[in-house]
Amino acid sequence: MPRSQFYNPLATRGMITTPHYLASQTGLHILRSGGCAIEAAIAAAAVLTVVYPQMCTLGGDNFWLIYNAADKELKGLNASGRSGSQVTRTVYENLGLSQIPSRGPLAAITVPGVVSGWDKALGYAKEHRQARFSLDELLSDALVYAEEGFPVSKSLADWIVVDTDTQDTEQRCLQRYPGFAKLFLPEGQPLRACTRLRQPDLARSLRILMDQGAAAFYEGELAHALVRGLRDAGGLLTEEDFARHTADWVEPLSTPYRQYTACNLPPNTQGVSSLQILALAATLDMQALGEGSADYYHYLIEATKLAFADRERYVTDPDFVQAPLEHLLSQDYIHSQAARMDRSKARDFASLLDPKGDTIWLGVVDGAGNAVSLIQSIYNDFGSGIVPEGTGILLQNRGSFFSLNPKHPNTLEPAKRTMHTLNPPMILENGRPRLVYGTMGGEGQPQTQAALVTRILDFGMTPQEAIDAPRWLYGRTWGASSNTVKLEARIDRAVAHDLEARGHVVEYVADYSDTMGHAGAILIDQESGILQGGTDPRSDGQALGY
């Protein structure tokens with residue numbers, strides 16, 4: 001039975017949705033105790049770094065959209081890390097590599113930004129007199145789950161098995177890294193579902209943050225331990241790289257969508273791509289297309305191809321390449337792009353899309369009307385696989401997204417932020433949040449975001465109905481040499497045949513497949529103040545309110 005038939009949480013004083021029930025419960029506790037949306041987001045995100053290590057850890061990055069109801073202000077926060085000062089293309093060329101390895105120490109080449117994001121966001125909440133809790137209080141549940149342990153979910157157990165598959169030694173076989181094996185393969189066997197996972201080293205790292213503050217991660221004993229562990233494994237980051245790291249406030253991007261305003265973050269995120277897809281969708285009569293029709297899927301896939309072509313051309317660290325954002329989101333350009341979409345024919349898209357990106361998205365709305373859209377990631381499942389000795393912190397492999405082609409806009413250079421698939425969206429109406437939504441899933445993020453927006457705002461679905469509905473993904477999987485359109489098995493075969501007739505290469509995947517990402521949403525009725533939440537049955541998540 002579809003979850004939406006019996007699960008449709010409603011609330012008026014606060015709502016949180018995350019991809020793990022323990023994180024949602026922690027966030028709700030903060031809201032019920034008088035905390036604001038930012039504080040609930042930090043507490044929930046911290047728990048996720050413990051209980052959802054296949055998707056995010058202290059060793060990753062995060063991005064925020066924060067709505068301040070008192071000031072009617074929307075703020076963007078970029079807490080992604082830069083490559084190290086010693087990280088150059090020459091290093092890889094001298095090793096005979098044509099691309100950056102996806103795993104191991106040579107993939108862990110960007111400073112983790114997660115902790116700096118929490119710190120900067122909490123500082124903003126304190127500055128605006130919203131904060132009630134200190135950082136150590138917000139990390140207390142995460143510490144308990146690290147110290148006392150938590151039950152391993154089937155999802156986590158399955159990911160451990162997948163990533164210790166010796167048939168693909170580049171992407172899988174993570175047990176070759178001692179820190180990973182110590183955590184997830186005790187006694188040489190993958191952890192099983194319904195067993196307890198304790199992480200004493202991670203608990204010690206969390207205690208350091210609680211006692212000494214976020215600075216300890218970048219200039220204190222944690223920074224020393226992380227750099228030492230990376231160096232011992234053959235890594236390239238230095239203590240100076242950690243000390244130079246900053247999270248930065250950025251001006252959000254926006255574009256009209258019907259009577260609403262769609263908002264996201266600028267490069268180095270792919271937020272501009274997500275907004276372009278919605279802007280192209282806004283040129284279409286969705287009611288005439290019909291939700292779930294071949295036309296519906298076709299046009300949104302074609303919009304994705306056009307947006308991704310611009311992304312490949314322009315999106316990277318704006319300190320190195322300035323994308324023409326005003327032009328890319330201008331109505332003249334959007335309408336010219338819309339005219340290129342052919343109802344009867346699929347457009348060729350030569351670039352191979354990244355096969356996977358594992359991430360968490362969470363959303364929070366508090367009783368004062370403040371809202372947070374937060375996305376946090378280590379890139380591939382379990383990131384680089386490197387866990388520096390004594391820290392319990394699994395480091396991201398986000399740096400492997402850089403190109404070694406010197407002519408590519410996202411080419412590797414020292415002290416550079418790579419293009420990020422992460423992008424936290426929000427829809428405003430009359431300047432206030434109407435829909436707080438998002439998803440994990442790399443290349444699938446803009447596509448699933450478009451599915452949620454069109455289904456909720458155009459077709460009147462509840463958040464849970466929109467999340468439950470069959471999804472699609474244009475992209476590729478590990479080892480594949482071409483992009484395909486993946487459809488969940490519930491989508492009618494006649495729709496697939498129609499898409500194939502237009503030139504799409506279609507393949508079916510299982511219903512509620514992880515391939516489609518883990519989405520969430522909170523819909524705000526601005527007249528009644530009622531909050532309506534949804535979470536993804538593809539995840540371990542929960543939407544909770546009070």
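Author: What follows is a set of questions and answers on salt bridges, a helix and some strands.
This is a predicted model, where local features need pLDDT of at least 70 and side-chain atom pairs count only at pLDDT 80 or more, while totals for chains, interfaces and linings use all residues. Residues are numbered from 1 along each chain as its sequence is written, and side-chain values use heavy atoms, with hydrogens and water left out.

Reader: How many salt bridges does the count come to?
Author: Side chains of opposite charge can pair when their charged atoms come close. Here a salt bridge means a side-chain nitrogen of Lys or Arg within 4 Å of a carboxyl oxygen of Asp or Glu. By that rule, the count is 27.

Reader: Which helices do Asp 201 and Lys 182 lie in?
Author: Their side chains meet in a salt bridge, 3.2 Å from N to O. Helices here are DSSP runs of H or I with at least four residues, strands are runs of E with at least two, and both are numbered from the N terminus. The pair ties together parts 19 residues apart in sequence, because Asp 201 lies in helix H9 (residues 200-212) and Lys 182 in helix H8 (residues 178-184).

Reader: How far apart are the closest N and O atoms of Asp 201 and Arg 204?
Author: Both residues sit in helix H9, three residues apart, which is about one turn of the helix. An α-helix has 3.6 residues a turn, so residues three or four places apart point the same way. Asp 201 and Arg 204 form a salt bridge, and the gap between their closest N and O atoms is 1.9 Å.

Reader: How many residues apart are Asp 295 and Arg 502?
Author: Their side chains meet in a salt bridge at 2.8 Å, N to O. Asp 295 is in helix H15 (residues 294-314) and Arg 502 is in the loop between helix H20 (493-501) and strand E16 (506-509), so this pair links distant parts of the chain, with a separation of 207 residues.

Reader: Which residue in E15 is the bridge partner of Trp 472?
Author: Two strands pair if DSSP finds at least two bridges between them. Strand E14 (residues 472-475) and E15 pair in the antiparallel sense over four bridges. In E15, Trp 472 is partnered by Leu 487.

Reader: Which residue in E16 is the bridge partner of Glu 488?
Author: E15 and E16 run parallel and are joined by four bridges. Glu 488 also belongs to a network of salt bridges, whose members include Arg 471 and Arg 490. Its bridge partner in E16 is Val 509.
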